[in-house]
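My notebook is open and the viewer is running. Here is what I looked up, in the order I went.

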Amino acid sequence: MRGVFPSVFKALTATCMLMATTGCASGVDNLAPLPLQAASAEYRIDTADKLRIVVQEMKDLSSDYVVDEAGYVAFPLIKRVMLRDKTLREAEGEIERVLTSQNILVDPKVSIQPLELRPLAILGEVNRPGEYAFRQGMTVFAAVSAAGGYTYRANTQKVMITRTVNGKSVSGTATDDTVILPGDRIKVLERWF
């Protein structure tokens with residue numbers, strides 16, 4: 001028994017020293033910070049966004065529309081128009097182009113306002129993981145607050161955000177002050193000690 005204690009103590013000491021020097025990987029240690037251009041990028045339309053589209057001089061076309069799974073909005077008269085990955089201004093221009101090319105209007109004026117943007121998802125070490133409504137200017141802190149706050153096991157220093165940028169999924173680390181975008185997927189990981 002006497003010889004067991006020193007070897008257990010040495011093994012425990014070595015483990016603690018290893019943890020102190022290398023830390024315990026939380027899953028975000030190898031990720032780079034979320035690119036700034038992704039955070040500041042202009043909003044782009046995607047599936048499930050609800051938009052109010054107003055076409056001057058065409059009350060039949062002016063209405064609320066939801067972007068379908070393929071990225072289209074279905075209009076009376078002009079059928080479907082692809083809006084996915086377009087900014088609001090680009091989408092207005094695309095609808096104007098289609099109206100002109102189909103000889104429906106000579107000089108159309110289109111205005112688009114977002115009504116409901118795709119929700120954000122937050123999972124991991126928060127009290128109420130799930131989907132939440134996006135609000136303009138929302139930060140990671142606001143999203144975590146909406147999800148009931150961090151659990152006692154949460155790594156509160158960094159979270160992982162996955163978002164779609166130019167049609168590709170991009171992941172990176174973020175802090176409480178990071179501004180989020182519609183459709184972001186936030187993962188709060190567990191801290192190890």
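**Strand S1 and its partners.** I started with S1 and S5, which run antiparallel and are joined by 6 bridges. Two strands count as paired here if DSSP finds at least two bridges between them. Helices (H or I, at least four residues) and strands (E, at least two) are DSSP runs, numbered from the N terminus. I found Ile53 opposite Ile112 in S5. Then I looked at S2 (residues 63-66), which pairs with S1 in the antiparallel sense over 4 bridges. There, Lys50 has Val66 as its bridge partner.

Which residues of S1 are on the covered face? I noted Leu51, Ile53 and Val55, while Lys50, Arg52 and Val54 make up the uncovered one.

**A note on the model.** I'm working with a predicted model, where local features need pLDDT of at least 70, side-chain atom pairs count only at pLDDT 80 or more, and totals for chains, interfaces and linings use all residues. Residues are numbered from 1 along each chain as its sequence is written, and side-chain values use heavy atoms, with hydrogens and water left out.

**Leu61.** I found Leu61 in the loop between S1 and S2. Is Leu61 buried or exposed? Leu61 counts as buried because its relative accessibility is 1% (buried is under 20% relative accessible area, exposed over 50%, partly exposed in between, with a 1.4 Å probe and protein chains only). Leaving aside neighbours within four places in sequence, I listed its contacts (heavy atoms within 4.5 Å) as Ile53, Val55, Phe75, Pro76, Leu77 and Leu99. Phe75 is 14 residues away from Leu61 in sequence, yet their C-alpha atoms are 6.7 Å apart.

**Helix H3.** Next I checked the length of H3 (residues 88-101): its 14 residues should span 20 Å, and the end C-alpha atoms are 20 Å apart, which agrees. The expected span is 1.5 Å times one less than the number of residues. I wrote down the buried residues of H3 as Leu88, Ala91, Glu92, Glu94, Ile95, Val98 and Leu99. Down the axis of H3, these fall within an arc of 160 degrees, so they line one face of the helix. That arc uses the directions from the helix axis to the C-beta atoms. The buried residues of H3 pack against S1, S3 (72-75), S4 (79-82) and S5 (110-116).

**Thr162.** Last, I went to Thr162 in S8 (residues 159-165). Thr162 is buried, at 13% relative accessible area.
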